[in-house]
Amino acid sequence: MMQQTIQEDQSKPQYWADKLGLIVHPEGGQFKELYRSQDLIQGQQRQSLSSIYFFLDHLSPISHFHEVDTTELFIFQHGAPMEIVKILEDGSLKIEVLGPEIEKGQQLVCKIHPCKFFASKTLGSYTLFSCVCCPAFQYEGFRMVPHKELIEKYPQYEQIINEYALKI
């Protein structure tokens, strides 16, 4: 009976937000930093690695288009699959699904290169994943990408931009 109760609690989005102590992230969703290396990159004042939990749910299902100056690895943890939309440097669009069903083409780990515009959306009631950044994430290297900028540069993706971009 106890195991059934635990599984039922874990199926509720609020369980994860409460248990992990998540806070609101500017791009959408919630997060909590787990680790920040004390090692600095040689010749820089920047840590080599950082890691967070990231959570999207029905209250905040989208991580809006943004860019970062670090390589990120998204690692699936729990819940529903998540769609990741990337506009690559060459202007092409790539969509990947982070999730547990590899036989359906989902990936347990997705890589995001720096200086790419990307956004994501849970495909269910919630998605919990980890994000590892190398070098470490810094807000100075993070930028929300305005809807208008994306539409001007990539009018062929208007429908996706309208869904995933924050109208700032």
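**Before you click**

This is a predicted model, in which local features need pLDDT of at least 70 and side-chain atom pairs count only at pLDDT 80 or more, while totals for chains, interfaces and linings use all residues. Residues are numbered from 1 along each chain as its sequence is written, and side-chain values use heavy atoms, with hydrogens and water left out.

**Stop 1: the whole protein**

Show the cartoon view. Along the principal axes, the C-alpha atoms fill a box of roughly 55 × 40 × 35 Å.

Of the 168 residues, 45% are buried. Here buried means under 20% relative accessible area, exposed over 50%, and partly exposed in between (1.4 Å probe, protein chains only).

**Stop 2: the cores**

Select Phe 54, Phe 74, Met 82, Ile 84, Leu 98, Phe 129 and Cys 131. These have the most contacts inside the largest nonpolar core, which has 19 residues. A nonpolar core is a set of buried Ala, Val, Leu, Ile, Met, Phe, Trp, Tyr and Cys residues joined through side-chain atoms within 4.5 Å. Among the elements that give two or more residues to this core are strand 3 (50–57), strand 5 (71–79) and strand 10 (126–134). Apart from this core lies another, of 14 residues, including Val 145, Ile 160, Ile 161 and Ala 165. In soluble globular proteins, nonpolar side chains tend to be buried together.

Which residues does Leu 98 contact, leaving aside neighbours within four places in sequence? Among them are Phe 74, Met 82, Ile 84, Val 109 and Phe 129. Contact means heavy atoms within 4.5 Å.

**Stop 3**

Next, select Phe 55 in strand 3. With a relative accessible area of 0%, Phe 55 is buried. Leaving out residues up to four places away in sequence, Phe 55 touches residues including Pro 13, Trp 16, Gly 29 and Tyr 126. Draw a line from Phe 55 to Gly 29: they are 26 residues apart in sequence, yet 5.6 Å apart in space, C-alpha to C-alpha.

Then pick Gly 28, in the loop between strand 1 (23–24) and strand 2 (30–36). Is Gly 28 buried or exposed? Gly 28 counts as buried, at 10% relative accessibility. Beyond neighbours within four places in sequence, Gly 28 is in contact with Phe 54, Leu 56, Ser 60 and Ile 62.

**Stop 4**

Go to Leu 59, in the loop between strand 3 and strand 4 (62–68). Leu 59 counts as exposed, at 65% relative accessibility.

Lys 111 is in strand 8 and counts as partly exposed, at 43% relative accessibility. Setting aside residues up to four places away in sequence, Lys 111 touches Thr 71, Glu 72, Leu 73, Lys 86 and Glu 96.

**Last stop: a cis bond**

Finish at Pro 135, in the loop between strand 10 and strand 11. The peptide bond from Cys 134 to Pro 135 is cis, with omega near 0°. Most peptide bonds are trans.

Terms used: Helices (H or I, at least four residues) and strands (E, at least two) are DSSP runs, numbered from the N terminus.
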